[in-house]
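Visitor: I would like to learn how to read a protein model. Could you take me through one, feature by feature?

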Amino acid sequence: MEFKAWYKLRRFIYDNLHNEEHESILSRVINIFLIILIIGNTAAVLLESINDLYQSYQLLFDAFELFSIFIFTLEYLLRFWAIAEKDPFEGAWKNRWLWIRSGGAIIDLLAILPAYINFFVHLDLRFLRILRLFRLLKLTRYFVSLQILLRVIKREKGSFQAVIFILLIMIIIAAAGVYVVENKAQPEVFSSIPASMWWAVVTLTTVGYGDVTPITPLGRFLGALITILGVGLAALPAGILANGLANELRQRKHKLELRFRELLDDAEIDLIEDQEKIEILRKEVGLSKEQMQDILLELIHERKKEQLEQEKNKYFFCPHCGHKLPD
């Protein structure tokens, strides 16, 4: 009986921390509390950088940090323990090992690891504050829009790697080129190829700070050429990301439409009456109300078309014997 209660507790924790299909008042309260705590930690990091403010309220800031470490550590341990319930066909430790390697678990670990490292290795306070900003990444678990962005980046990582590789090659070539043509004119600025890389980076990314500029005619021509190439290179990641987001939203819309069709086939939902169910599905999948309305109008139109076809087809059969009548 004790083991049964233990497994029951683990399932309860899994449902409220991991299971996205389970929604209860407690799970919503937990999510809201953790979101507020994460935002509070971010605000604390920003305010602690104001030394006068930090010195005045140091005890309060330190107490809040200890409380946050305790909550985030408890959350991590509970998630680690309860994830064993995810796949009943796999072993508990295999489920845990797979979870530890996941992006969400790594973010959770990064949120608490700097504080524990500081107990053994003294870190600079400013560096520790910056590391605490990793806690902001925990918000990706609670917002669908951030999950979509991370999924797109993961799916298009091959394309991003190719763009970064091309950009690195261009930086090296541009730095070598400007070093050759500008070294004699500006030996203190373009003293070596590595030193010239700063100019190559800001030029290729079309930032152009102006702190380092070529002064020879050939150097200016090279700078203009690299700037034009940089415009195209800077547009590539944006294009990849935009295309990936469009594909992801299209897939999510298709997924929602399929779920609607399944519910309609089982007569579990009415497109006119069951607005609450529809709204829950919309939030769950993460579509806007406008996208939802487009899907609803399309489904209603299809249903009316099906009803008209049924009405039309019934006149081709004899109402008495059921035999098909000639056209």
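**A charged pair**

Guide: Start with a salt bridge: the side chains of glutamate 75 and lysine 138 meet in one, at 2.9 Å from N to O. The term asks for a side-chain nitrogen of Lys or Arg within 4 Å of a carboxyl oxygen of Asp or Glu. Glutamate 75 lies in helix 4 and lysine 138 in the loop between helix 7 and helix 8 (144-155), so the pair ties together parts that are 63 residues apart in sequence. This is a predicted model, where local features need pLDDT of at least 70, side-chain atom pairs count only at pLDDT 80 or more, and totals for chains, interfaces and linings use all residues. Residues are numbered from 1 along each chain as its sequence is written, and side-chain values use heavy atoms, without hydrogens and water.

Visitor: Is glutamate 75 buried or exposed?

Guide: Buried means under 20% relative accessible area, exposed over 50%, and partly exposed in between (1.4 Å probe, protein chains only). Glutamate 75 has 5% relative accessibility, so it counts as buried. Lysine 138 is buried too.

Visitor: Which residues does glutamate 75 touch?

Guide: A contact means heavy atoms within 4.5 Å. Not counting residues up to four places away in sequence, glutamate 75 touches Leu34, Lys138, Arg141 and Tyr142.

Visitor: How many salt bridges does the structure hold?

Guide: Side chains of opposite charge can pair when their charged atoms come close. The structure holds 10 salt bridges. One of them joins glutamate 90 and lysine 94, at 3.3 Å from N to O. Glutamate 90 is partly exposed, at 31% relative accessibility. Lysine 94 is partly exposed as well, at 44%.

Visitor: Which residue forms a salt bridge with glutamate 248?

Guide: Arginine 151 does, with the closest N and O atoms 3.2 Å apart. Glutamate 248 lies in helix 11 and arginine 151 in helix 8, so this pair ties together parts that are 97 residues apart in sequence. Glutamate 248 is buried at 4% relative accessibility. Arginine 151 is partly exposed at 35%. Elsewhere, salt bridges that share partners join Arg10, Arg11, Asp15 and Glu85 into one network.

Visitor: How many helices and strands does the chain have?

Guide: Helices (H or I, at least four residues) and strands (E, at least two) are DSSP runs, numbered from the N terminus. The chain has 13 helices and zero strands. Of its 327 residues, 31% count as buried.

Visitor: Which residues does the "transmembrane region" annotation cover?

Guide: Such annotations may be inferred rather than shown by experiment. The unreviewed UniProt entry gives several spans, including residues 59-78 and 222-246. Residues 59-78 are 100% helix, and their end C-alpha atoms lie 28 Å apart. Residues 222-246 are also 100% helix, with end C-alpha atoms 37 Å apart.

Visitor: Where does glycine 230 lie?

Guide: Glycine 230 lies in helix 11 (residues 217-265). At 0% relative accessibility, glycine 230 counts as buried. Leaving aside neighbours within four places in sequence, its contacts are Leu204 and Thr206. The C-alpha atoms of glycine 230 and threonine 206 are separated by 6.0 Å, although these residues are 24 apart along the chain.

Visitor: Last, where is valine 121 found, and is it buried or partly exposed?

Guide: Valine 121 is in the loop between helix 6 (103-120) and helix 7 (125-132). Valine 121 is partly exposed, at 47% relative accessibility.
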